Amino acid sequence: MTTGLVVTGLTKKFGTQVAVDNVSFTVAPGTVLGLLGPNGAGKSTTINMITGLLNKTSGRVELFGENLTPTNTAIRRRFGVVPQELAIFDDLSAAENVRYFGGLYGLRGTALKTAVTRALAVVDLTDHANQRPATFSGGMQRRLNIAMAIVHQPDLLFMDEPTVGIDPQSRNYILTAIEKMRANGMTVVYTSHYMEEVERLADNIVIIDHGQVIAHGTEAELVNLVTDAKQVTIVVNHADQLELAAITAIAGVQQATLHEQNLQLVLDVASNPLNQVLMTLIDQGVAVDSIDQPKLDLETVFLNLTGRNLRD
Ligand SMILES: Nc1ncnc2c1ncn2[C@@H]1O[C@H](COP(=O)(O)OP(=O)(O)OP(=O)(O)O)[C@@H](O)[C@H]1O
């Protein structure tokens with residue numbers, strides 16, 4: 001198995017509004033793709049078209065080498081969906097909810113029982129299996145929704161903003177559960193407007209805005225899109241012994257200035273000469289007190305690419 005999910009030219013028009021505009025991306029098997037964008041960017045519409053909840057205006061979706069169409073049921077069994085809106089039966093227990101979904105996927109008898117137990121364990125709801133979800137916190141209900149989506153052990157899981165409006169403990173349970181699933185080989189497509197979650201989980205990131213993909217890559221690749229130089233401040237002792245010319249002479253040091261104890265550097269991201277700078281300082285008998293590198297994050301990337309904050 002070499003190809004996972006391949007989305008090509010996906011487009012959705014609502015009347016004259018183009019909600020998703022020629023979106024293309026790929027997800028390698030066993031990796032997590034973070035689909036990051038502000039509210040209204042088109043993330044849900046994209047997921048809903050891929051999973052067949054919504055008809056697409058145009059485009060093509062291929063999963064594990066097969067064309068993903070509403071009638072290709074064999075390939076449809078290989079993915080699960082955690083929708084943005086909860087879909088839970090309040091009058092069934094947690095285990096019965098999961099069992100119901102397992103039944104829909106054709107699981108029966110012992111296989112179904114084992115699958116329900118396993119799915120509830122992944123989201124840490126084993127101790128609540130026989131309780132009604134109406135008694136659950138919002139976070140526990142979301143975790144139950146995840147158990148329902150993974151009971152048939154899909155190879156790929158779509159999750160649409162699964163942590164919106166829940167407590168930090170439940171959020172952490174969910175993020176940890178995703179990490180466990182990935183470790184077991186599952187492919188995950190995860191939409192969020194929380195930069196921190198995408199940074200923690202995603203192997204690759206698609207940034208989407210106004211229905212269009214504005215960047216696609218690893219976190220490091222995206223950060224490199226907006227900067228080819230980074231600023232580093234090194235606080236030193238014995239600054240009087242520091243020979244600035246020797247630092248400036250290091251390949252990849254674009255700028256070096258000394259203000260009292262603070263050695264301020266502008267370094268090439270590609271050649272990353274920080275090690276060389278530190279060795280040179282040690283050679284000069286200059287002790288390093290601390291190193292400060294302001295973090296370049298996805299928020300910075302989004303701001304640079306769009307002129308707006310992710311959560312305006
Ligand atoms: N059924 C619909 N009819 C008309 N417009 C729609 C419909 N569904 C979504 N839209 C519009 O399409 C755009 C994209 O919405 P979408 O829900 O995909 O965004 P999103 O990135 O998932 O944001 P959110 O996090 O708020 O759900 C929005 O402008 C939205 O108003």
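## Where the helices cross

Start with H3 and H4: H3 passes H4 in a right-handed crossing (left-handed if the near helix is turned anticlockwise from the far one by less than a right angle, right-handed if clockwise). Before going on, note that this is a predicted model, where local features need pLDDT of at least 70 and side-chain atom pairs count only at pLDDT 80 or more, while totals for chains, interfaces and linings use all residues. Numbering starts from 1 along each chain as its sequence is written.

To find the pair, select residues 94-104 for H3 and residues 109-122 for H4. Helices here are DSSP runs (H or I, at least four residues; strands are E, at least two), numbered from the N terminus. The two axes are 9 Å apart, at an angle of about 125°; axes are lines fitted to C-alpha atoms, for helices over the stretch in contact, and angles run from 0 to 180 degrees between N-to-C directions. H3 and H4 are therefore oblique to each other (under 35 degrees is roughly parallel, over 145 roughly antiparallel, 65 to 115 roughly perpendicular, the rest oblique).

Now show side chains. From H3 come Ala-94, Ala-95, Val-98, Arg-99, Gly-102 and Gly-103, meeting Leu-112, Ala-115, Val-116, Ala-119 and Leu-120 of H4 (contact: C-beta atoms, placed from the backbone, within 7 Å). That contact has 8 nonpolar residues, 2 polar and 1 charged (Ala, Val, Leu, Ile, Met, Phe, Trp, Tyr, Cys and Pro count as nonpolar; Asp, Glu, Lys and Arg as charged; the others, Gly among them, as polar).

## On to H5

The axes of H3 and H5 are 8 Å apart at about 30°, so the two are roughly parallel. This crossing is right-handed too. Look for Ala-94, Asn-97, Val-98 and Phe-101 of H3 against Leu-144, Ala-147 and Met-148 of H5. Which classes turn up there? The contact of H3 with H5 has 6 nonpolar, 1 polar and no charged residues.

On the H5 side, click on Gly-139, Met-140, Arg-142, Arg-143 and Ile-146; among their H6 partners are Tyr-173 and Ile-174. This contact has 5 nonpolar, 3 polar and 3 charged residues.

## Last stop: the ligand

Which residues surround the ligand? Select Phe-14, Ala-19, Gly-37, Asn-39, Gly-40, Ala-41, Gly-42, Lys-43, Ser-44, Thr-45, Glu-161 and His-193 (C-beta atom, placed from the backbone, within 6 Å of the ligand). By class, the shell has 3 nonpolar, 7 polar and 2 charged residues. Its largest share, 3 residues, comes from helix H1, residues 43-51.

Definitions and conventions: Contact = placed C-beta atoms within 7 Å.
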